[in-house]
Amino acid sequence: MSLRHVKKAVGKAVGMALLTGALGFGLAAQAQAADLKIAMSSPPTSMDPHFYNLFSNINVSEHVFESLIKLDPDSKVVPGLAESWKLVNNLTWEFKLRRGVKWHDGTELTTEDVAWSLDRPATIVNSPGKFDVYTKAIINKKIIDKYTIQLTTNQPYPLMLNDLTSVFMVQKKATQGLSSDDFAQGKGMIGTGPFKFVSYARDDRVELVRNPDYWGAKPAWDKVTLRFIPNPATRLAALLSGDVQAIENVPTPDLPKVRNDPKLSFFSKISHRVIYLYFDVKRDKSPFVTTKEGQPMDKNPLKDARVRIAISTAINRQGIKDRLMEGLSEPTNNLVPPTLFGHNPQLKTLKYDPEAAKKMLADAGYPNGFGLTLHTPNNRYVNDEKIAQTIAQNLTRIGINTKVEGMPMATYSSKAIKREWSFGLVGWGAQTGEVSSPLRALVACEDAKKGFGTTNWGEYCNPKMDAVLEKALATVDDTERSKLLQEATAIVVLDGGIIPVHHQVTTWATQKGITYVPRTDERTYAHLFKPAQ
């Protein structure tokens, strides 16, 4: 959204608020009280909504906590706890809160809580991925009254609304003095969302109850249980047995069975999540790069862009789509799909060409290849470890003897943040609805003051890209900003800073009689399930 369009938001906000009806349920659904059990594919690592910018954490948090601005199922900005906003001048945004929004303890949400919630992410310690990337641009907060707050930046900042979709509001009096670990015991778990927190059993489940005082459309369910079942077959078995009523990430081998089962309903949507590879491009000696005989190498070949592009050229993306993903992926050489702002249509998906990849390796000085270990989560993304195994086979074919080590996402991320890997597979969803999200987090040179490189686990750094990105972040004209973001993306991709593999298609299945509103951001929200009309 450009600044010239933002001023229209005030007048439109009331009408836009009606869109929240799409995020809830009709009167008929509200009248049907029932319990809902959902099987999720990855457990959260923390219940603190500001601790770790990880999808599985956010997915749970938004049942209890809410943001000032929200994204609709197509990742478009809509009002959240802020019912309207306007630009006071090119540097100052003013937000009006919905009146009468209550915390789960019955007290009212005010701008004191908002200011506190925007300050808190920067104070979190030992976070593997901080949320302050979304608050760095704010240099001053001015409370005008109980329902009005102004946020000031040091330069025009067109991403304010997008950034605020990722920062949850927490109650000041309930969270002051708490550590992130305290949230797992229920301390501080007071939000404004459609459900109230009941209990959390690590790696097992979160239990919630309906918030009868919710300001938006009331959810259909009295009680919700979010169960965490990483194994795809076990997750589907739970649905078929009736142990749960809905699941996310249907196992791809079982897609025909699920689609054809008269007792089930199937839902899907292309995601803005890119599955990508990152490299240790900083160290001269990297721990999991070896000779083909398994001996340490004095020189790290991953520092050479020619080697990285050779690896990209060796990946059979179409084969992964056809044979492994059952068609539920879109091969890419971009960081976001075509529907999102900043997609670069000039970056065509690389053709699978192992012979060309071998020549690139030889030109880089590695005609005989080398040894490599690819580390991957095995419970986070659709077929994550299987994708890694396929890529390993592709690379071994061109002379890079590649092993795969998979592990749960919680273990993987805790080690990745310490830069323990040489070569990794992971995914990133453009949470703010445009390509600046992965550019800032994944490939910008690490800079805590700017909030850059918060998840740059390969420590890639290209000052040329950063300069273009920073210019884009201060450009208010949408057309020019899109060109700059496309340029920044091209710099990264053509340099092999990270290697995009595909955008995954997200799937859900429910027992017949329950519908779901599928989302581009892959979120699985209990309040988006409803009894069929």
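**The pocket and the disulfide**

Because domain 1 (35-263 + 512-531) and domain 2 (271-505) both contribute residues to the lining of the largest pocket, this pocket lies between them. The model is a predicted one, and in it the largest pocket has a volume of about 450 Å³. Its lining is made up of 28 residues, and those that lie nearest the centre of the pocket are S46, F51, V125, S180 and D181.

A disulfide is a covalent bond between the sulfur atoms of two cysteines. The structure holds 1 disulfide, formed by C445 and C461, whose sulfur atoms are 2.0 Å apart. Both C445 and C461 lie in the loop between α15 (436-443) and α16 (463-473), so the pair ties together parts that are 16 residues apart in sequence. The torsion about the S-S bond of C445 and C461 is about 95°, and the disulfide is therefore right-handed.

Are the two cysteines of this pair buried or partly exposed? C445 has a relative accessibility of 11%, which is under the 20% limit, and so counts as buried. C461, by contrast, has a relative accessibility of 45%, which falls between the 20% and 50% limits, and therefore counts as partly exposed.

Methods. Residues numbered from 1 in each chain as written. Predicted model: local features only at pLDDT ≥ 70, side-chain atom pairs only at ≥ 80, totals over all residues. Heavy atoms only, no water. Disulfide = S-S within 2.5 Å. Helix = DSSP H or I, 4+ residues; strand = E, 2+ residues; numbered from the N terminus. Buried < 20%, exposed > 50% of the residue type's maximum accessible area, 1.4 Å probe, protein only. 1 Å grid on protein atoms, 1.4 Å probe; cavity = no way out; pocket = protein on both sides within 12 Å on 5 of 7 lines; lining within 4 Å. Points joined across faces, edges and corners; volume = space filled by probe spheres on them. Domains from an automatic or database assignment.
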